[in-house]
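Dear colleague,

I am passing on the structure that I have been reading, with the sequence alongside. Please open both before you read the notes below.

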Amino acid sequence: MSTSIGSAVPSAVPGSPFLTLPGAVEQADAFDHGVPSHYGSPNIEQRLISRGTAIVDLSNRGVVTITGPDRLSWLHSITSQDLRSLPAGTSTETLFLDQSGRIEHAAKLLDDGTTTWIITEADDAAPLHAWLDRMRFMLRVEVAIATEQYAVIGAAAGLAIDAAAPNGLPLVWHDPWSEVAVGGHQYATGEHPGATWTWTETIVERATLDALAQQVRAGAFSAAGSLAAEALRIAAWRPRLQAEVDERSIPHELDWLRSAVHLNKGCYRGQETVAKVHNLGHPPRRLVMLLLDGSDAVLPRAGSDVVLVTGGDEPVRKTVGSITSSAIHHELGPVALAVVKRSTDPAAVLTVEAEGVDVAASQEIVVPADAGATANVPRLPRLGAVRR
């Protein structure tokens with residue numbers, strides 16, 4: 001078996017030098033811990049990212065490596081994406097599903113011809129490593145956590161950062177969300193905001209983070225916080241494991257067939273549910289982006305209830321979903337992603353309960369209520385039913 005990069009067990013990583021930059025603030029309630037949430041002006045930082053002049057410290061993310069000649073065929077057999085013939089340097093993503101098709105892990109994936117590199121959420125590297133290690137059986141693969149040696153830096157495409165290249169190929173992952181991947185399927189209709197999403201995540205040697213922070217100090221490029229990156233992600237309708245996924249999530253609900261699922265590949269764990277819901281059924285929930293009323297200056301947090309209010313003098317309140325992530329966007333104002341019941345009226349103005357305040361929210365439909373059932377199989381009448 002090949003020698004793997006990194007360690008077989010997780011360990012603590014040092015604090016980020018970006019937290020020592022002027023204005024750096026780490027918010028206690030932010031998704032991303034251990035890195036700057038902002039540097040004083042999240043709206044300005046969003047513009048800097050969009051212009052391709054700012055980097056985002058994502059050094060809290062996990063990095064998992066897989067080596068060995070069977071690595072791609074093995075991953076192909078246990079995940080949702082077609083990886084068997086993945087060319088070196090091609091960016092993709094894949095999902096690890098349970099037997100019922102529910103999402104367990106999400107992986108941003110790049111192969112350099114020798115090693116497969118996976119970028120994960122900060123808290124998911126160890127669980128994913130443990131699961132993969134159990135699934136090796138007699139195959140020629142080695143799995144390791146490389147977070148001690150390597151870190152991740154986010155930016156818009158076009159901003160050049162010195163990437164790690166231990167096997168000669170620079171490790172720059174280009175987010176495939178900008179278009180429907182080969183073998184994928186998009187439920188969203190009309191113009192998709194993801195078409196202008198040019199996000200990259202560069203794997204760098206962790207020892208170079210100090211130098212990158214010094215380049216920011218010297219004005220070589222700007223730094224933006226994780227809140228700015230989150231706002232742009234939300235506006236692009238881009239799902240994230242740590243935010244949009246819960247114990248019931250299936251890929252269809254988040255429109256994740258767009259970039260992380262190949263519908264024509266062979267069998268893998270959860271594939272039956274993926275095919276059945278896509279061809280014959282409908283996902284029970286659906287992702288929406290909410291444009292929030294900002295007049296009360298309240299930004300609902302993740303987990304806030306999304307409510308449908310009906311009736312006049314005696315209104316009836318029905319909880320139809322919950323906020324998964326929220327932010328103040330530099331152009332759209334307060335926005336959020338939410339997962340709601342499929343039956344929720346797409347035209348209804350919803351209400352979000354936040355800190356005792358009702359915040360009005362209009363829907364931008366990401367996953368339509370009629371998503372799925374693409375096979376158009378006619379429904380057979382029930383046995384014994386009388387036709388009229």
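W237 lies in the loop between α5 and α6 (241-244), where helices (H or I, at least four residues) and strands (E, at least two) are DSSP runs, numbered from the N terminus. W237 has a positive phi of about 60 degrees although it is not a glycine, and at 5% relative accessibility W237 counts as buried, a word that means under 20% relative accessible area, while exposed means over 50% and partly exposed in between (1.4 Å probe, protein chains only).

Before going further, please note that this is a predicted model, in which local features need pLDDT of at least 70 and side-chain atom pairs count only at pLDDT 80 or more, whereas totals for chains, interfaces and linings use all residues. Residues are numbered from 1 along each chain as its sequence is written, and side-chain values use heavy atoms, with hydrogens and water left out.

A second residue of this kind is D255, which has a positive phi of about 60 degrees although it is not a glycine. D255 lies in the loop between α6 and α7 (271-279), and with a relative accessible area of 0% it is buried.

The buried residues are S226, A228, A229, E230, A231, L232, R233, I234 and A235.

How do α1 and α5 pack? Helix α1 (residues 42-51) and helix α5 (residues 226-235) meet at an angle of about 65 degrees, with their axes 8 Å apart; here axes are lines fitted to C-alpha atoms, for helices over the stretch in contact, and angles run from 0 to 180 degrees between N-to-C directions. The two helices are therefore roughly perpendicular to each other, since angles of 65 to 115 degrees count as such, those under 35 as roughly parallel, those over 145 as roughly antiparallel and the rest as oblique. On the side of α1 the contact (heavy atoms within 4.5 Å) is made by P42, E45, Q46, I49 and S50, and on the side of α5 by A228, A229, A231 and L232.

I49 also belongs to the largest nonpolar core, which has 51 residues, and I49, L95, I103, W199 and W256 are those that touch the most other members. Such a core is a set of buried Ala, Val, Leu, Ile, Met, Phe, Trp, Tyr and Cys residues joined through side-chain atoms within 4.5 Å. The largest share of this core, five residues, comes from α5. Apart from this core lies another, of 18 residues, including L83, F96, L109 and L132.

Not counting residues up to four places away in sequence, I49 touches A54, V56, A156, W199, A224, A228, A229 and L232.

In strand β9 (residues 199-205) we find T200, which is buried, with a relative accessible area of 6%.

Lastly, helix α2 (residues 71-78) is mostly covered, with six of its eight residues buried, namely R71, L72, W74, L75, H76 and I78. These buried residues pack against β2 (62-67), β3 (91-97), β4 (103-111), β5 (115-120), α3 (125-134) and β6 (142-145).

With best wishes
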